[in-house]
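Good morning, and thank you for coming.

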Amino acid sequence: MKCRLFSAHWLALLVLAACLGYFGLLAGAPRLLQGDIGGWPCSIVLALLLFVLFFAITLLHIRAENRKPPA
Amino acid sequence: MTPATFFFLLLLGLSLLLTRRAARRTRSAADFYTAGGQLPAWQNGLALAGDYLSAAAFLGAIGMYLGQGYDSLAYAVGTLAGWPLLMLLLADKLRTLGRYSVADVLALRFDDPRVRLMSIISSLTVTLFYLIVQLVGAGKLLQLLFGLPYLASVTLVVVLMVLQVGLGGMLATSWIQMLKAGLMLSCGLLLCAGVLQRFAYSPAALFATVRQLSHGQALLPGKALADPLDALSLGLGLSLGLLGLPHILMRFFTVADGRTARHSVGWATGLVGLFFLLNLFIGYGALVLVGPDARFHDAAGKLLGGSNMAALHLATLLGGPWLQACIAGVAFATILAVVAGLAMAGASTISHDLYALLLCRGKAEAAREWQLSRLATLALGVAAIVLSTLVQNLNIAFLIGLAFAIAASSNFPVLLLTLNWPRLSVRGALAAGYGGMLAALGLIITGPTIWVGMLGHAQPLFPYANPALFSVPLAFAAAWLGSWGNRQTTAGLDSAPDHQDRTAGPPQQ
């Protein structure tokens, strides 16, 4: 069964929401980004997690489209 | 011969050699516009990354870490978000439906000259603004790096651009983009390794030094990101702007099919992300190594040559004059490649979209169209020299914001709705295109950057520096209003009779 959550439009909404949520957090609650995790500042960890999310979504979509039978 | 001259001449010779080889293989309009349409995914991905990573993404971003700290990383997150969006929303369908340019896709959906004219105006505006900023940056950078006068620097870049695009077309442009992207990544790796070596290869030690030096301020967002609406608008503009840049969109016509287009974006996302990651360490490295070093500052405490020189000073510190010269040479190659990509997009808008699609209604003679594209490259080059010389002493950084805002507010909504919304009418497309463009233009002019910063008024009429949060929804609303009540809506592109690879055939009218 196809999972609609992995459809292109849902994934696009997820990317946009993550990006806008990040900028909203930077402006609205920057103190949440203070502190660090294993010596890495939380603000940098969050940005790098978003890098990983964007790349993972790109790969996920490529893989899903490659598996589709040709039209 | 100084190291800087050696690298400059080496890269100049290499780019001319690639142009010569590409010129021999460019024999038709299809070769000229799309490099034959058969680039493999990894090559097109490398070229896409090269097209996007301008001198601002390298020298500018590292200078921004030095001056504004964390904000530079926030810009990187916003721009990186554009790449998956580009793939998810546009890449596949663009490749399947277009032939040489985005206007082909619009022409397939709307047989209406007004829509083509709107697309041409919007594409040319974005390309020209972007080109002027790149050329002014190029002139100033070459002045700084090699001591050339401004006009000579700009003329040199334009002559090389005209040769590359006019003779070698998209193939030469693609090869030079690949070379430049590879060089940028290699130099980034070198500088990153050099910085981390100073901290026993421990990023945590680097961040601890940054925290100590800046009292933690450089690791948190600055005042420019303090207003929630302005910050959201910046994020939206950075991510959606990419989806409307003509020189990026036309790269999807250089591959064979939608699958390769998707894979290209996968490569580009990985490469751009890797480059931004390297920039993070290089930028903070510059902050802690160059920032406190008196050798790189004048008597007033300002960085020698301005903030854009931070990467070059860091290279001098880490590897001496040879590494500095290597980075300067790569900066030159970067400028040349981005300018060539923009000229390619501008030339194809004039010769294909304006001449072949609009004036000849798709019945232009291929040889004449190709000839015109070379003349268009020359004309664009001359116009860019004149305009960039006229504005060389003004603060024109806002033009990049304007180009991104128009791309996000005009090109992107029209393209997205054309590809996905069957009810979009001609009137709706025109309302979205012109509405988005005028809104972006008006809000930037009345915003703090121009209204207060350049025109000297006390208060801006529009309080935010970034208009995308307002202009993008306005464009979508205009499309909906324009299409509402109009019974003559066109069929969606999925029902077009020729919904398949269009490399070989002419665009449907």
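This is a predicted model: local features need pLDDT of at least 70, side-chain atom pairs count only at pLDDT 80 or more; totals for chains, interfaces and linings use all residues.

Helix H4(B), residues 55–68, and helix H12(B), residues 258–289, pack at about 45 degrees, and their axes are 8 Å apart. Angles between 35 and 65 degrees fall into the oblique class. The crossing of this pair is right-handed.

Which residues of H4(B) meet H12(B)? They are Ala61(B), Ile62(B), Tyr65(B) and Leu66(B). On the side of H12(B), their partners are Asn279(B), Ile282(B), Gly283(B), Tyr284(B), Ala286(B) and Leu287(B). Sorted by class, this contact holds eight nonpolar residues and two polar ones, with no charged residue.

H12(B) also packs against helix H3(B), residues 41–52, at an angle of about 50 degrees and with the axes 7 Å apart. H3(B) is therefore oblique to H12(B), and the crossing is right-handed. From H3(B), the contributing residues include Trp42(B), Leu46(B), Leu48(B) and Tyr52(B). Those of H12(B) include His263(B), Trp267(B), Leu271(B) and Val272(B). In this contact there are ten nonpolar and six polar residues, and again no charged ones.

Let me turn to the core. The largest nonpolar core has 213 residues, and those touching the most other members are Ala286(B), Ala311(B), Leu314(B), Ala331(B), Leu336(B) and Val339(B). Helix H13 of chain B, residues 310–359, gives the most to this core, with 31 residues. As for Ala331(B), if we set aside residues up to four places away in sequence, its contacts are Ala55(B), Phe58(B), Leu59(B), Leu141(B) and Leu145(B).

Finally, chain A. This chain has 71 residues, of which 25% count as buried. It contains two helices and two strands, in the order α-β-β-α from the N terminus.

How many residues of chain A are in contact with chain B? There are 34, and they meet 40 residues of chain B. On the chain A side, helix H1 (8–28), strand E2 (40–41) and helix H2 (42–67) each supply at least two residues. H2(A) gives the most, with 14 residues. By class, this side of chain A comprises 24 nonpolar, nine polar and one charged residues.

Thank you. I would be glad to take questions.

Technical notes:
Residues are numbered from 1 along each chain as its sequence is written. Chains are lettered from A and ligands numbered from 1 in the order in which they are written. A nonpolar core is a set of buried Ala, Val, Leu, Ile, Met, Phe, Trp, Tyr and Cys residues joined through C-beta atoms within 7 Å. A residue is buried if 20 or more other C-beta atoms lie within 10 Å of its own, exposed if 12 or fewer, and partly exposed in between; C-beta atoms are placed from the backbone. Helices (H or I, at least four residues) and strands (E, at least two) are DSSP runs, numbered from the N terminus. Two residues are in contact if their C-beta atoms, placed from the backbone, lie within 7 Å. Axes are lines fitted to C-alpha atoms, for helices over the stretch in contact, and angles run from 0 to 180 degrees between N-to-C directions. A crossing is left-handed if the near helix is turned anticlockwise from the far one by less than a right angle, and right-handed if clockwise. Ala, Val, Leu, Ile, Met, Phe, Trp, Tyr, Cys and Pro count as nonpolar, Asp, Glu, Lys and Arg as charged, and the others, Gly among them, as polar. Angles under 35 degrees count as roughly parallel, over 145 as roughly antiparallel, 65 to 115 as roughly perpendicular and the rest as oblique.
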